[in-house]
Amino acid sequence: MTARELDAAGITDPTLRAAYTRCRRLNARHGRTYFLATRLLPADRRPAVHALYGFARRADDIVDDLAAAPAEERAAALDRLDARLRTALAGGPADGDPVVRAVAHTAARHAIDPAHFTDFMASMRSDLTVTDYATYQDLRAYMHGSAAVIGLQMLPVLGTVTSRATAAPHAAALGVAFQLTNFLRDVGEDLDRGRIYLPADLLAAHGVDRALLEWSRRTGRHDRRITAALRAAEDLTRSVYREAVPGLAMLDPVARPCIRTACVLYRGILDAIAAGGHAVLHRRAVVPRRRRALVAADGLARVAAARLRARGPVSLPSETGV
């Protein structure tokens, strides 16, 4: 399916096609929930989404997968990535980096504000030194760059039936909701890296601090105070989804099934966390495969209906995605 997507998007340059293919593979390997939803988009819009995800993944890998490297070495790697991106966004060469080449092409093609990438890189740099957040407002400031701008980058690709300015706050909120979901699901893994993304004031309201979380993670034992704090984090995350959901109706009808499916699947992670007793310090919550399949099937039906209404050809993704 990669070739069909690139053909539909009018991407003919062999080097550029290879760059987008690299991004698609990153999405397929690391963003399983997001990748499943992306397959519901019209074929011509998928390469741009893969490029945006691929670049975000590249920066995240520098921060997390090189965790054993000194902070200054990771900071230098982020600086090199940022420099290549700035050059490419200005129309220069991508310095042999296929992911940067693809995302710069996407940014130019869809007139994505370069400031979104600047804000994103600033949040990535903060991950090298910041290990916790005192308040939710502090965390929201970080998530503006790490999550909200992703939603804002996506808007020009997806298209809207309202002005972009009207849809933007909801798109930003959805990016934040997705990241809060990930923070809650990955709280144990993040703790292993020395980070706590749940706000300290939220934890303290239930008698929880870093020492208690580390004790629970280390011993495998549960504590009702931790459960209460994680339940409060779940409630907070659901409130952000409520901010985001009105924006679905503002999207281009043929793009709505993709984002709606991503929203349902990510909220399904919250359901799995709750069903598992909020034991995320000890095991990773996952959406059951049957549930994922049902949500995907519903998304396919919505895609078909949207394309029929648009009087466009119905060409659904294959089961294998190739």
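1. A word on axes before the helix pairs: an axis here is a line fitted to C-alpha atoms, for helices over the stretch in contact, and angles run from 0 to 180 degrees between N-to-C directions. Helices (H or I, at least four residues) and strands (E, at least two) are DSSP runs, numbered from the N terminus. This is a predicted model, in which local features need pLDDT of at least 70 and side-chain atom pairs count only at pLDDT 80 or more, while totals for chains, interfaces and linings use all residues. Residues are numbered from 1 along each chain as its sequence is written, and side-chain values use heavy atoms, with hydrogens and water left out.

2. The overall picture comes next. The protein chain has 15 helices and 0 strands. Of its 322 residues, 53% are buried (under 20% relative accessible area, with exposed meaning over 50% and partly exposed in between; 1.4 Å probe, protein chains only). The accessible surface of the protein chain is about 14,400 Å², and carbon and sulfur atoms contribute 53% of that (Shrake-Rupley method, 1.4 Å probe). Among contacts (heavy atoms within 4.5 Å) with a separation of 6 or more, 71% join residues 24 or more positions apart.

3. Now to α8 and α9. Helix α8 (residues 136-158) and helix α9 (residues 164-185) have axes that come within 7 Å and cross at roughly 120°. The two are therefore oblique to each other; angles under 35 degrees count as roughly parallel, over 145 as roughly antiparallel, 65 to 115 as roughly perpendicular and the rest as oblique. On the α8 side the contact includes Tyr136, Met143, Gly151 and Leu155, and on the α9 side it includes Arg164, Ala171, Gly175 and Phe183. The residues of this contact divide into 16 nonpolar, 4 polar and 2 charged (Ala, Val, Leu, Ile, Met, Phe, Trp, Tyr, Cys and Pro count as nonpolar, Asp, Glu, Lys and Arg as charged, and the others, Gly among them, as polar).

4. What does His116 touch beyond its neighbours within four places in sequence? His116 sits in helix α7 (residues 114-126) and is buried, at 15% relative accessibility. Leaving those neighbours aside, its contacts are Val149, Leu152 and Gln153.

5. A second pair to look at is α13 and α14. The axes of helix α13 (residues 224-244) and helix α14 (residues 256-275) come within 11 Å and cross at roughly 165°, and the helices are therefore roughly antiparallel. Here α13 passes α14 in a left-handed crossing. Glu234, Thr237, Arg238 and Tyr241 in α13 meet Cys263, Tyr266, Arg267, Leu270, Asp271 and Ala274 in α14. That contact is made up of 5 nonpolar, 1 polar and 4 charged residues.

6. Finally, some loop residues. Most residues other than glycine have a negative phi. Asp95, in the loop between α5 and α6, has a positive phi of about 60° and is exposed, with a relative accessible area of 60%. Ala111, in the loop between α6 and α7, has a positive phi of about 55° and is exposed at 57% relative accessibility. Gly92 lies in the loop between α5 (71-89) and α6 (98-110) and is partly exposed, at 30%.

Conventions:
A crossing is left-handed if the near helix is turned anticlockwise from the far one by less than a right angle, and right-handed if clockwise.
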